[in-house]
Amino acid sequence: YPADGSLASGQRLNALALSGIVRRDIRTSVGGASGTALGVPLTVTLTLVNTASSCARLAGHAVYLWHCTRDGGYSLYSGGVTTENYLRGVQVSDANGQVTFTTIFPGCYSGRWPHIHFEVFSSLSTATSGNSDVRTSQLALPESVCRSVYGSASGYTSSLTNLNAITLASDNIFSDGYSTQMATVTGDLTNGFAATLTVGV
């Protein structure tokens, strides 16, 4: 459900062309839509490094990040949220190669391990045109944190049921290995969580 201008689920949607899509806080829709996604607060920080240059930090690259709601739906695609575009946004990496998004902890939908999608582009202009991403990947979330959120926080009841039916080994994306995609997550239900991941490009 990328909404990056490519054909997905029989539709060619493009959130990257929306006014206001370049933002840190992705919890509220932009471009004329005004809904806000509810859920446990989560900050996601990705650090981009150049694998061809001793993992030097990559400044000036753009990251498009998106994920599902607390009950497993995707804005623009899923029933009830097709008019919303929240939980999608673009940031440009700073001098440390970092981008940070303020969002909510995603739910777990049937058949998939809890995850967050992202695409890396060489510049903001290529990102907002939806062309030539240099890396497409997903960030996986640790089971212990997922169980803590899904078992206690409001709105995540179905996520716990779905999590109980999936493993990293049976997930169709992470089953071939997830060591470079598993985020480090800190925090708690009261203060929210922070996820970090280093991304080789």
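How many helices and strands are there in the protein chain? In this predicted model, the protein chain has three helices and 11 strands, and, read along the sequence, these elements follow the pattern β-β-β-β-β-β-β-β-α-β-α-α-β-β. The radius of gyration of the protein chain is 16 Å, close to the 17 Å that the globule rule gives for 201 residues, so the chain is as compact as a globular protein of that length. Along its principal axes, the C-alpha trace spans about 40 × 40 × 35 Å. Among contacts between residues at least 6 apart in sequence, 69% join residues at least 24 apart.

Turning to the interior, buried residues make up 50% of the 201 residues. In soluble globular proteins, nonpolar side chains tend to be buried together. The largest nonpolar core here holds 42 residues, of which Leu46, Phe105, Phe118, Leu139 and Val149 touch the most other members. At least two residues of this core come from each of several elements, including β3 (41-50), β8 (115-121), α2 (143-152) and β11 (192-200). Once its neighbours within four places in sequence are left aside, Phe105 is in contact with residues that include Val40, Leu42, Arg70, Val149 and Tyr156.

Methods
Residues numbered from 1 in each chain as written. Predicted model: local features only at pLDDT ≥ 70, side-chain atom pairs only at ≥ 80, totals over all residues. Heavy atoms only, no water. Core = buried A, V, L, I, M, F, W, Y, C linked by side-chain atoms within 4.5 Å. Buried < 20%, exposed > 50% of the residue type's maximum accessible area, 1.4 Å probe, protein only. Helix = DSSP H or I, 4+ residues; strand = E, 2+ residues; numbered from the N terminus. Contact = heavy atoms within 4.5 Å. Rg over C-alpha atoms; globule rule 2.2 N^0.38 Å.
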